[in-house]
Amino acid sequence: MDFLNALVALSNFVLIPAIAYGSQLALGALGVTLIYGILRFSNFAHGDTMAFGAMVTILFTWWFQSMGLSIHPLPTALLALPFGIVVTAMLLILTDRTVYRFYRRVKAKPIVFVMASMGVMFIMNGVVRFIIGPGDQRFADGERFIIKARDFKNATGLSEGLAFKTSQGITIVTAIIVVAVLFWFLNRTRTGKSMRAFSDNEDLALLSGINPERVVMITWIIVAALITIAGTLYGLDKTFKPFTYFQLLLPIFASAIVGGLGNPLGAIAGGFVIAFSEVTITYAWKKVAVYLLPESLEPTGLVQLMSTDYKFAVSFVILIVVLLFKPTGLFKGQSV
Amino acid sequence: DDHAVKIGVLLGFTGPLESLAPPIAGGAEAAIAEVSASGTFMGGKEVMAIRGDSTCVDSAAATAAAERLVTGDGVAGIVGAMCSGATGAVLTGVSMPNGVAQVSPSATSPALSTLEDNGLFFRLAPSDARQGELMADIIMGKGVKSVALTYTNNDYGKGLADSFAAAFEAAGGTVTINAAHEDGKADYSAEVGALASAGGDALVVAGYSDQGGAGVIQGALDSGAFDLFVLPDGMVSDALTEKFGSDLDGSFGQHPASKTDGAGKLEALLADAGIDGASVYAKEGYDSAAVLLLGMHKAGTTDGAAVAAAITEVANAPGEPIGPGELAKALEILSNGGDIDYVGGSDVELVGPGESGGSFREVVIEGGEFKEVGFH
Amino acid sequence: MSEPFLIGDSMTGGYGKGPDILHDCTIAVDKGEIAVIVGPNGAGKSTGMKAVFGMLDVRSGAVRLDGEDITKLSPQARVRKGMGFVPQTHNIFTAMTVEENLEMGGFIRTDDIRETIEQVYELFPILREKRNQPAGELSGGQRQQVAVGRALMTKPTVLMLDEPTAGVSPIVMDELFDRIIEVARTGISILMVEQNARQALEIADKGYVLVQGRNAHTGSGKELLADPEVRQSFLGG
Amino acid sequence: MIVIEDVHKHFGGFRAVDGATLTIQDQSITGLIGPNGAGKTTLFNVIAGVLKPTSGRITMAGEDITGLPPHELFHKGLLRTFQIAHEFGSMTCRENLMMVPGGQSGERLWDTWFGRKRIADEERALKAKADEVLEFLTISHISNLRAGEISGGQKKLLELGRTMMVDAKIVFLDEVGAGVNRTLLYTIADAIKRLNEERGYTFVVIEHDMDFIEKICDPVICMAEGKVLAEGTLAEIKANEQVIEAYLGTGLKNKKEDA
Amino acid sequence: MSYSLRTPLLFGAVALLFILQGSTDWWIFAGSWNASLTILNMALISAIMALGVNLQWGYAGLFNVGIMGFVALGGLATVLVSMPATPGAWSQGGVGIVFGLLVGAATVVAAVLINTRMAAGRNRTLATIGTLVVGFFLYRFIFDAGVAGVEAINPAQTGYLGGLNPGGPENYKAHGYMTLLAWPVGGILAAGAAWVVGKTALGLRSDYLAIATLGISEIVIAVIKNEDWMARGVKNVIGLPRPVPYEVDLQQSADFVARADSLGLDATTASTLAVKLSYSALFTVVLVALIILAQLSLNSPWGRMMRAIRDNEVAAQAMGKDVTKRHLQIFVLGSALCGLAGAMMTTLDGQLVPGTYQPLRFTFLIWVMVIVGGSGNNLGSVLGAFLIWFLWIQVEPIGNWLMSVVTYGMEDGSALKTHLIDSAAHMRLFSMGIVLLLVLRFSPRGLIPEK
Ligand SMILES: Nc1ncnc2c1ncn2[C@@H]1O[C@H](COP(=O)(O)OP(=O)(O)OP(=O)(O)O)[C@@H](O)[C@H]1O
Ligand SMILES: Nc1ncnc2c1ncn2[C@@H]1O[C@H](COP(=O)(O)OP(=O)(O)OP(=O)(O)O)[C@@H](O)[C@H]1O
Ligand SMILES: [Mg+2]
Ligand SMILES: [Mg+2]
């Protein structure tokens, strides 16, 4: 019984949140990694584009909600997602046309792309706040929980509750599907392979008859899908506020890099490494220990390795340690 | 035009607390518009608000913006800045050298109290120390003996958390954990996990209602870690109850407000102008601009030192109490040589070196709404 | 004399805004023929190849394929017209496996490419062994084999090779030349640059000697081999 | 004398170098031949410190140099060129050469501020030396071009030129010939021979051009599948059945009939 | 345009921006010399940071995204040097903190020694773990007690160790020169940190190094934010002494007022300008000296070697260059410049506010300066610093102007117009983005590209 309680407490406060957060990071990191892998630059506009994608989805969601459309118990936002993706894809392709294409033409160094993406980030930042404002927006509906903590306690008679949110469930499932599809697409389909070829050696891709503009366009469309999905799911689970999307950039990059830049599997692994290290290292193990240890050994302190103040520091330490042992990330990423 | 008196509204419109800035600015501008519309300010002068962005995270940009307001636009006083860092930088770098009065609606850092300011600086956000002690009393009064405590990792949160923890422990309570959270971050699972593990009968959240504070509460509710929350001023806002509805029923807290129901009146007044008066520090925004202008009017000049001297007088007794929306009346009284005691929406009372020592309203959440239960 | 199948006619041009590298240079090859370009380092051989393939600004002169003026076409468009090219450097996808490299070679083909892949493996058995290895991990000579294999995958009507034998061992070089002759016999035109000039000219129908971007000598392979001046200055005596 | 004892280099399960044992005599010009993928370049990389051997030992004049980093080997007089040219693309060809000599006082920060005079003198000498090398390689006309913008063969020449900037004890040349015009290659062969005879350089040369090998190399070592297959004079090697089968071949099967 | 003409022209153009800012209130300009000098002073400091980054990236291709951390260390140095020691702090816990840290260091050293001296095996593992565990608890015990002691001293106002200012809490502002002393100390502190970072992380390839440095800078900020005993953490240290006089004092000096009068200035304006100009002079001296040193090195065999390493590490190594050592050297140097600039910035601000250290502002903005100015070119990065910093400040009026243009002709009070005007603040970053893209578009290799 005590053991079960310990397990449930651990799941409730460590495993489930970390898995859900990890999947969110992974979805974001997938986009970053894809852009890096194929267009060969680190896209700083990723966070703010994510906010844009989520914003468009929210606007559609509100519209649907006002018309009474719903797919209860799932959130209406899922219905709005495809529309969000389409609009975001159009925006990204427009951005590429007006900004990045020029630098591809002049064969600018990757760092110039990075700086240009910062320019795009600033613009996107303004656009989003301009349209929807800097504040919190609520758009979640449908059933919030799959399992509620209180219900779980009542049903099992355990003293610890276990909560599992719909948004967490959707995020995890989506992350798995998206990764599988993306992996299959890049490694098995002709188009996917041509995209990898393009990233590997642009000139030679040209000589093989691969149309670079098409590759770039497809990349942006996939990125738009990833970005909008990630942004919307994040908004459903936590909250939609433009600034937090910008703040997501750091953990997302950390995930992509620790997993190995340019490698989709790495993005997933990286997301989980970052999420788990943030949650576990600063977790106070007291609660679990109380259940597991005999009373005489019960800890007086919190049994916390590090205070949560250092949560970011801890995840970065782990990241650095990983890089020191695997210099191109967990899954061999590209190096420039 | 040259006859207009200009007031700088220097707040963090962009950056981590950007979502808090517009209502504060709205409040300040409402007061300015009210004074201007009265037509009696300093012999019929108009008043104009000019916004500046203090960003909260870039002291240099804040100073530059203030410099532009003061030396370029020629503002006669500053409402701002928002965060303590920018406030200090602007005060030492711009206001003091140029002799301009500055009233911050939101800076709370105790360190500002001892900063040399030639008497030019005022702030209306209440002192953390007093609130901490009060909060400890209120919690004890409810029979809660053990709490977990989380605070937003800035001078406001840290100051409040420290003073509360000291008072609560002195009164025999236990603070099981005293952990910081950063605002605007993506995820608060780690914080919630640690707080839950430490346990306690309630969770004290010394944060902001639409920042990390809300994120922590969300996590705690979702995982069933806590269901009783203690909410100090930064958390008492309708944004919170809108977001969580009746999930927070039973949770309680306190925030500075006037007995005279200035708060309610001001919220209604601001709502007419399309401003969310319930947002954190929005009322202080209105009051900051009001005391600044009333002081100016009383001094009869825009000279900083004179204005500063007058501000203390208009803000404190003796005199006719002035509530929100009564600025025209206040100007009138002052013109006639009378005395006023500005109370406003946040029960302004300046004590010590230009600090607010207002009273607090105790609230509890019932049916998804804040209900007033008493005054302290 | 009728117009050759592929001709870069009096081409003049250079890189970007830089000076002219090619000066009124003509390179041509007919159906089923092998044309070989030789010359000292930096003569403009690779530049000439790139000009013919549209990777360079041709400032005057024209490129015609089967009578059609293709001077303005992009390289991809030329690939679709049936031209294949192996550049001198950066001629493989280093991060992709050997087999994927070959697949990319056949990118524009819509028919089944398995068979052609098999043929390439027959020609270069080592590649079959290394099929699942990233091409960037191969030895210099193996990379060269991948590069040529990739170009063969296109099933082109014109195959342009920039120093295909650089770094390959004698036995593979012989195989390669054999194969090139075979390919040419099927009616495909071959245009190549070679520093192993003697062997190359032996199998060439036509030879060009370029010096400083200009045609210095032109003739059949045999003629050039027999020319003592050419031998002395370019073929190592 | 460099002694390579039972050196292995494995990539995962693949044995690129699989127990190579050979000796390079002082003042010799040793030719290293072998089929593509025999492990020649890998062996070079192991000797030159770019790759750590899986096992085995390398000694130079009795001193164990296994696993020393490349820059230390350089200062011990061991130089190498790269099969795939490694030029410094954004620098001019002359700068590519001038950067080579070690111990330049201008490489110390302090001297760049307070020892300007000495640096200027050194630079003059270096420039003269670099121009001499460029002249020798017949590429003086490109001395001011960026090395990233010269032809493939010119890059290989530059690669060789770098080894001529310092007094090396032993130079490893990895396919200098690939992509170099034959007439020039044989001039280079003469130069190598001269450096060997006049200055006592030791050379190890990987090359697929048998004429070049024939001109200068003795002895010749043939590698295959990571091991030494045969060793001896070129004539001996050429007669070796195994070498013919694995490496030399028997010439073209299809002779082109006259047009 | 030829290179030699381009540089002075561009510098002239940027100078013109500053002059316009001072002299006219036309368009986006403030028409205030004070405003202009405020921007200039920070631009000078930013130029030093940009120079540091250019050393690392432009010379050696090291992708350092941890600028913020080194800048913050410089700021920390300013507090540690220029503030007075908190009375009683050393006796009530300071000694314990130092002792605790020594115990911590000794533990690590002991563990390393055990690891190197003892033969491998279970005993070694046990000994190492034992040492670490015992050491850790001992360290926490001593250290935590010390910290509690220090932090208990009047936490609202002090609660930290304080610095080395000889004036004491009463009179420390009279010793303003101490802040000047803090500048090199800031550089050294950052250099020390960079050395540690470099030793561990410089083996990583560019993007991986980037995230490692980013992480380390976040760690530095976390430590400064949470270790209150050091510099009050998020409670901030304000009221640092100044190396230049206070405006208020000048305004009260009859001498100064008279001189201002003779120049036709009122005392307030004269005093504010005088103070800003003194800062400008100090910063300019430092910047010019650094530019000269950097240029000398760049145009010498050292610079050539660095470019070779950047172009091709493997080949440079084969040509006898100790790439690791050189990378470390330049990483430490560049970071030291950032630390120096950080100390200067904290001096100018007069306060240390750890919460304001954000990567966007202190890392990426500096990168924008370097890239827009022209990486690999010292003058380019300095120009970039001036231009981008000017824009960073002026995008606010640009944003307002943009909105006034957009809403021109709209009906007063219309919902759209109100919305647009209210959003003006967000045009700030928007304008920055537009400007940045325009500059990059028309000069992708930077305004003054590497030769
Ligand atoms: N990094 C690596 N990972 C895996 N295999 C490798 C790697 N590098 C080389 N190899 C393999 O090792 C073998 C030997 O390669 P090496 O480059 O030494 O050959 P080589 O004798 O120089 O051939 P060539 O004459 O073609 O240059 C090859 O089969 C190659 O595929
Ligand atoms: N990317 C480039 N940009 C500018 N100039 C170039 C570029 N590539 C080559 N050149 C110049 O063009 C000239 C001709 O080069 P090209 O590569 O055509 O020579 P090549 O005949 O192929 O020589 P090799 O036999 O050495 O490969 C050279 O002098 C070189 O300096
Ligand atoms: Mg060539
Ligand atoms: Mg090789």
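**View 1. Contact between chain E and chain A in the predicted model.** Chain E brings 42 residues to this contact. Chain A brings 46 residues. About 3,900 Å² is buried between chain E and chain A. Carbon and sulfur atoms give 77% of that area.

**View 2. Polar groups between chain E and chain A.** There are 5 residue pairs in polar contact, both residues at pLDDT 80 or more. Salt bridges between chain E and chain A number 0.

**View 3. The side of chain E that touches chain A.** Six labels mark the elements of chain E that give two or more residues each:
- α7 (177-201) and α8 (206-226)
- α16 (359-373) and α17 (378-406)
- α18 (415-422) and α19 (427-442)

The element α8(E) gives the most, with 13 residues. By class, this side of chain E holds 29 nonpolar residues. A further 8 are polar and 5 are charged.

**View 4. The magnesium ion (ligand 4) and its donors in chain D.** Two protein atoms coordinate the ion: OG1 of D:T41 and OE1 of D:Q83. The distances run from 1.8 to 2.1 Å. D:T41 sits in helix α1 (residues 40-47) of chain D, while D:Q83 sits in the loop between β6 (78-80) and α3 (93-98), so the pair ties together parts that are 42 residues apart in sequence. D:T41 is partly exposed, at 24% relative accessibility. D:Q83 has 15% relative accessibility and is classed as buried because the cut-off is under 20%.

**View 5. The magnesium ion (ligand 3) and its donors in chain C.** Here the protein donors are C:S46, through OG, and C:Q88, through OE1. They lie 1.9 to 2.1 Å from the ion. C:S46 belongs to helix α1 (residues 45-53) of chain C; C:Q88 belongs to the loop between β6 (83-86) and α3 (98-105), so this pair ties together parts that are 42 residues apart in sequence. C:S46 is buried, with a relative accessible area of 16%.

**View 6. Chains without contact.** Chain C and chain E do not touch either. For chain C and chain E, the nearest C-alpha atoms are 15 Å apart.

Methods. Residues numbered from 1 in each chain as written. Chains lettered and ligands numbered in written order. Predicted model: local features only at pLDDT ≥ 70, side-chain atom pairs only at ≥ 80, totals over all residues. Heavy atoms only, no water. Donors = N, O, S within 2.8 Å, 3.2 Å for Na, K, Ca; no water. Helix = DSSP H or I, 4+ residues; strand = E, 2+ residues; numbered from the N terminus. Buried < 20%, exposed > 50% of the residue type's maximum accessible area, 1.4 Å probe, protein only. Contact = heavy atoms within 4.5 Å. Buried area = accessible area lost by both parts, 1.4 Å probe. Salt bridge = Lys/Arg side-chain N within 4 Å of Asp/Glu carboxyl O. Polar contact = N/O pair within 3.5 Å; in protein donor to acceptor, adjacent residues only side chain to side chain. Nonpolar A, V, L, I, M, F, W, Y, C, P; charged D, E, K, R; others polar.
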